[in-house]
Structures are given as C-alpha cells and as structure tokens.
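Me: Could you help me learn to read a structure, one feature at a time?

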Amino acid sequence: MDMLTISHFSKTYPGGKRAVDDLSLTVAPGEICGFIGHNGAGKTTTLRAVAGVMDFTEGTITIDGHDVRRDSTAAKRITAFLPDNPDLYDFLSGIQYLTFIADLYERQARIAKYADAFELTGSLGSPIGSYSHGMKQKLALISALIRAPRLLILDEPFVGLDPVAAHLLKGYLHELCAAGGAVFFSTHVLEVAEKLCHRLAIIKGGRLVKSGPTEDIVGDSTLEDVFLELEGEKDA
C-alpha cells in the first residue's frame, strides 16, 4: 500500500481560480518525494489538502489507506505537517511549546534528542518571540519530528536553516524513511531535491507535468535544466 495516494485532486478557489487541476501521484513507504514548481504553481494548496487543513471536493487523498476527508482523524494521527510559515506561540517558551506538542502525541522522550541535535536546548527556556527565524524553524521541525509521523509533509523546510541544521534534517528524513515512513515536501532548492529525493513531482500552472523516480526525470542532465526546460526558460 502506498503511504500517500493523490487521485484526480483539483482545487478551485472562490472567484473561479483553479489552483490545482486533476493532479494524481503516489508516494510509497520509504520514499522522499520532492514537489517542485514556481511560486503559485499549486504546491502549497496540494500540501495543505494532503495535511487535511484545506477542504476540497474534487478527487481523493489517502494516507496509509485513510481518506483525509472521510477518516480525517486517523489520517492526521499518523501525519505531521510543517507549513512554510508555521504559527508558533510567541508567549510560550520553547520547552513549553514542545512539551505541549509532546503531551498531545506522547512523545516527550524525543524532545531532548532533537533539541540537542539542533543546538536549541539552551534556548528552550526563552520565549519563542525572542527566537530568530532560524531558531523558530528548528523548533517547528522538532515539533513535527517528535510526533514520529508515518507521513511527514513539509513546505519549504530548508528555508532559514544553517548548513549544519540542513544536514541534520536530511539525516532525519532518511531515518524516518528507513523506519517505513515517507516524506512529501516542496522546495525551491533544486540541488537539494535532486540529491535527497527518491521521487520527484513537478507542477506547473496547477497541473502535474512530470513525475517519477529522480534518476528517470534527471537522466544525464540536472534537475535545474529539466525544470527550466519545462518552464520554457532554458536558453536555446
């Protein structure tokens, strides 16, 4: 069974704007799938629908066999979603926020592991409002990882991370997949997607224009060349 199955998903906003049009793709257990596209292509809309935080009426999305509309509680129980601009409670300290998340998911033992790894332990007692953008990104990532999700959904997770933190995150994504989970994430960092992902899906104007194993899509070229060619921006 695939970890994620998106079948003929479409999303039209009030006013008639069709953000995503008849998109279908799958992500198997153990796979990291990169979701690539320009701004406004439909990536965030798709990720939010998969995470169950955006309603839709066209198509179906299932996570490990659970329909995100008909069985949303079961789907969300095994999913963690990190948006591109996560909402954090600035009045809480870092440790208060992580303890709150951990209490919800019974994962308190993982706080120390990830906080130490991301060098955030010394700041967990400080209000989140005093954190830099990079520190907030690390905190949000930790809050997703401590849930030990079966499917991890990330929207631009590498933005704001220093090289060490980015390297750590890549390792944890591989760790999650080695345990039978899967990752579905968007990124503008094509080099990272090419090296990290087992599978790629490229969206343009709300439509999926290319998807498959990374080596099949890239071939003897580079992901940047493939992407620019699909966008019609590659020099002749």
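Reply: Gladly! Let us begin with names: helices (H or I, at least four residues) and strands (E, at least two) are DSSP runs, numbered from the N terminus. Just after α9, G232 has a positive phi of about 75°. This is a predicted model, where local features need pLDDT of at least 70, side-chain atom pairs count only at pLDDT 80 or more, and totals for chains, interfaces and linings use all residues. Residues are numbered from 1 along each chain as its sequence is written, and side-chain values use heavy atoms, with hydrogens and water left out.

Me: Which residues of helix α9 are buried?

Reply: Buried means under 20% relative accessible area (1.4 Å probe, protein chains only). In α9, residues 223-231, these are L223, V226, F227 and E231. They span an arc of only 130° around the axis, which places them on the same side of α9; the arc is that of the directions from the helix axis to the C-beta atoms.

Me: Why would residues a few places apart point the same way?

Reply: An α-helix has 3.6 residues a turn, so residues three or four places apart point the same way.

Me: What covers the buried residues of α9?

Reply: The cover includes strands β3 (32-36), β9 (199-204) and β10 (207-213), along with helices α7 (190-196) and α8 (214-218).

Me: Which helix gives the most to the lining of the largest cavity?

Reply: On a 1 Å grid over the protein atoms alone, a cavity is a set of points where a 1.4 Å probe fits but cannot get out, and lining residues have an atom within 4 Å of a point. Helix α2 gives the most, with three residues.

Notes: Buried means under 20% relative accessible area, exposed over 50%, partly exposed in between (1.4 Å probe, protein chains only). Contact means heavy atoms within 4.5 Å.
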